[in-house]
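Subject: Structure for your review

Dear colleague,

Please find below the structure that I am handing over to you. My notes on it follow, and I would ask you to read them with the structure open.

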Amino acid sequence: MTTMNDYSTFSKLERIIMCSIIGDSNCVFSICIDILFNHKRHLALLLIILLSLIKFGALRRAIQITSVSVVIWILLAFTLDNLGQTMSNENIKKINDDEVTVLVVAGGRVNRDCTLTDSFYRRVATSVELQKKISKSVILFTGGTSGSCPKTDAEGAHHIAVRLGANPNNLSLEMESHNTNQNAYYSSKILGQKTAIVVISDYYHLPRCQLLFQKYFHSVRTIGSRDDLQFRVVGAIREAAAIIHNSLIRWHYSPLDIVMLLINYTN
């Protein structure tokens, strides 16, 4: 049975969502109690905001705006996951067993004990399965150090890949990046921009991978690894915020790029 400890790498809000999905009411209650007793400043701030809204008669309006925002956020998360599946399905059909291909595994989170999360593990497993089908393929694992872990994320992925039967001679490491854009940038420094690559990540992450990696590589395809439902839901919700942040805050790509990507894979 899945327990609250399995979600220790996620924020409290994310853990509440995940526990709600699997119907673990005790998990939700425990987290809420923890927030009540250990995060009183957050609770006080929330009460101040609510009282201010009531005083100025704006509570109903605020609830309406919040509700619409939540609906849009969830729809965007669903769209990203669905788009990622479409991209993956189309790209799998285009793979030629005889072509020389570099499989780039997007870096993922690690647990507090420095082991790979289930999501990251599935990305690695998917890359190993593809390498066995494409005889001339090479896998590049990406990701620098996380927290106090002595080894990089890429090294952890490499270790798992060898255990899964990957050819050690066809594995490479990129160990400087700490986010998806850096995954793409440092990978291009190792491989060169003219290298044809296939990026492997979770379905919901593929649209952002496509947008970022195509800045540094001439030929980019993406293939997804299937995750458990509860992790996909929370991951997609988080990704909805990330793809907007990368567009409007960091300017890695424009909103038009997102629209064009959507159009290209929905026609």
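This is a predicted model. I begin with a pair of helices: helix H8 passes helix H9 in a left-handed crossing. H8 covers residues 206-213 and H9 covers residues 229-249; their axes come within 10 Å and cross at roughly 20 degrees. Because angles under 35 degrees count as roughly parallel, H8 is roughly parallel to H9.

Which residues of H8 and H9 meet? On the H8 side they are Pro207, Arg208, Leu211 and Leu212, and on the H9 side Glu239, Ala242, Ile243 and Asn246. Sorted by class, this contact holds five nonpolar, one polar and two charged residues.

H8 also packs against helix H10, which spans residues 255-264; here the angle is about 120 degrees and the axes are 11 Å apart. The crossing of H8 with H10 is right-handed. Pro207, Gln210 and Leu211 in H8 meet Asp257, Ile258 and Leu261 in H10. By class, the contact of H8 with H10 consists of four nonpolar, one polar and one charged residues.

Five strands form an open sheet in the order S3-S2-S1-S4-S5, with parallel pairing. Why is one side of S3 and of S5 left without a neighbour in the sheet? S3 and S5 (219-225) stand at the edges and each has a single partner strand, so one side of each has no neighbour there. On average, neighbouring strands of this sheet are turned by 25 degrees against each other, direction ignored.

Two of the pairings may be followed residue by residue. Strand S1 (residues 102-105) and S2 run parallel and are joined by four bridges; Val105 stands opposite Phe141 in S2. Strand S2 (residues 138-142) and strand S3 (residues 171-174) also run parallel, and four bridges join them. Ile139 has Leu171 in S3 as its bridge partner. Between S2 and S3 the chain passes through helix H6 (residues 153-163), and this β-α-β crossover is right-handed. H6 itself lies across S2 and S3 and runs at about 165 degrees to S3.

As you trace these strands, please bear in mind a general point: in a regular strand, side chains alternate between the two faces of the sheet.

With kind regards

Technical notes: Residues numbered from 1 in each chain as written. Predicted model: local features only at pLDDT ≥ 70, side-chain atom pairs only at ≥ 80, totals over all residues. Heavy atoms only, no water. Axes fitted to C-alpha atoms, helices over the stretch in contact; angles between N-to-C directions. Helix = DSSP H or I, 4+ residues; strand = E, 2+ residues; numbered from the N terminus. Parallel < 35°, antiparallel > 145°, perpendicular 65-115°, else oblique. Left-handed = near helix turned anticlockwise from the far one by under 90°. Contact = heavy atoms within 4.5 Å. Nonpolar A, V, L, I, M, F, W, Y, C, P; charged D, E, K, R; others polar. Pairing = 2+ DSSP bridges. Right-handed = clockwise from strand over helix to strand, strands pointing away.
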